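Q: Hi! I'm new to this one and would like a friendly tour. Could you bring it up?

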Amino acid sequence: MGIASATAAAMLALTPASARAPELAMLETLNDGAWTLRLRSEGTSQRICVRTGRELIQIRHRQPNCDRFVVQDEADVVTVQYTCRGNGYGRTTIRREGPDVVQVRSQGIYGGAPFSIEGEARHSGSC
């Protein structure tokens, strides 16, 4: 029995993290529904309908089919770099403070011009 337990523990330790947990799982812990993103630098807010949490990754580039690369994937922080062919690229970090509050930082190029945003998103009801 001891050998079987040791073997199972060794196999788990050798299993890549991506095989043990879904990619960007933290985003799936966020509450579904409408979120209000308040942008600090612009003093504006926008409403985003969140179903998977991934809607918060591409704040400036709202189009589908952008290539994404996961840079950081932890329990409370994710960072994703993405490229939208013909329309620029971005890098977004989302830090979870709770199921209803996240901090968002994103920068990149959109429409040929640089952008840099920083803000707080809060769950604000249903979509």
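Q: What is the mean pLDDT of the chain?
A: The mean is 86, and 83% of the residues reach 70 or more. pLDDT is the predictor's confidence in each residue, from 0 to 100.

Q: Where does pLDDT stay under 50?
A: Over residues 7-13, for which the model has two contacts beyond four places in sequence. Contact here means heavy atoms within 4.5 Å. Where pLDDT is low, the predicted coordinates should not be read in detail.

Q: Ok, how many helices and strands does the chain have?
A: Three helices and seven strands, following the pattern α-α-α-β-β-β-β-β-β-β along the sequence. Both are DSSP runs numbered from the N terminus: helices are H or I with at least four residues, strands are E with at least two.

Q: In what order do the strands form the sheet?
A: The order is 2-1-7-6-5-4-3, in an open sheet with antiparallel pairing. Two strands pair if DSSP finds at least two bridges between them. Strand 2 and strand 3 (67-73) are the edge strands, each pairing on one side only.

Q: How many bridges join strand 6 to strand 7?
A: 10 bridges, with the two strands running antiparallel. Strand 6 and strand 7 also form a hairpin with two residues between them, and Gly-111 in the turn has a positive phi of about 60°.

Q: And what about strand 1 and strand 7?
A: Six bridges join strand 1 to strand 7, again antiparallel. Arg-38 has Glu-120 in strand 7 as its bridge partner. Glu-120 also has Gln-103 standing opposite.

Q: How many bridges are there between strand 3 and strand 4?
A: Strand 3 and strand 4 pair over six bridges, in the antiparallel sense.

Q: Back to Ala-34. Where is Ala-34 found, and what does it touch?
A: Ala-34 is in strand 1. Not counting residues up to four places away in sequence, Ala-34 touches Arg-47, Ile-48, Arg-122, His-123, Ser-124, Gly-125, Ser-126 and Cys-127.

Q: Is Thr-36 buried or exposed?
A: Buried, because its relative accessibility is 17%. Thr-36 lies in strand 1, and a polar contact of 3.0 Å joins its side chain to that of Ser-124. A polar contact is a pair of N or O atoms within 3.5 Å; within protein, one must be able to donate a hydrogen and the other to accept it, and residues adjacent in sequence count only if both atoms are side-chain atoms.

Q: Which residues touch the most other members of the largest nonpolar core?
A: Leu-27, Leu-37, Leu-56, Ile-57, Ile-94 and Val-102, in a core of 23 residues. A nonpolar core is a set of buried Ala, Val, Leu, Ile, Met, Phe, Trp, Tyr and Cys residues joined through side-chain atoms within 4.5 Å.

Q: Which elements give two or more residues to this core?
A: They are helix 3 (25-28), strand 1 (33-39), strand 2 (44-50), strand 4 (77-84), strand 6 (101-110) and strand 7 (113-125). The largest share, four residues, comes from strand 4.

Q: Last stop: where does Thr-29 lie?
A: In the loop between helix 3 and strand 1. Thr-29 is partly exposed, because its relative accessible area is 40%. Its side chain reaches the backbone oxygen of Met-26 at 2.6 Å, and a polar contact of 3.1 Å joins the side chains of Thr-29 and Arg-96.

How values were computed
Residues are numbered from 1 along each chain as its sequence is written. This is a predicted model: local features need pLDDT of at least 70, side-chain atom pairs count only at pLDDT 80 or more; totals for chains, interfaces and linings use all residues. Side-chain values use heavy atoms; hydrogens and water are left out. Buried means under 20% relative accessible area, exposed over 50%, partly exposed in between (1.4 Å probe, protein chains only).
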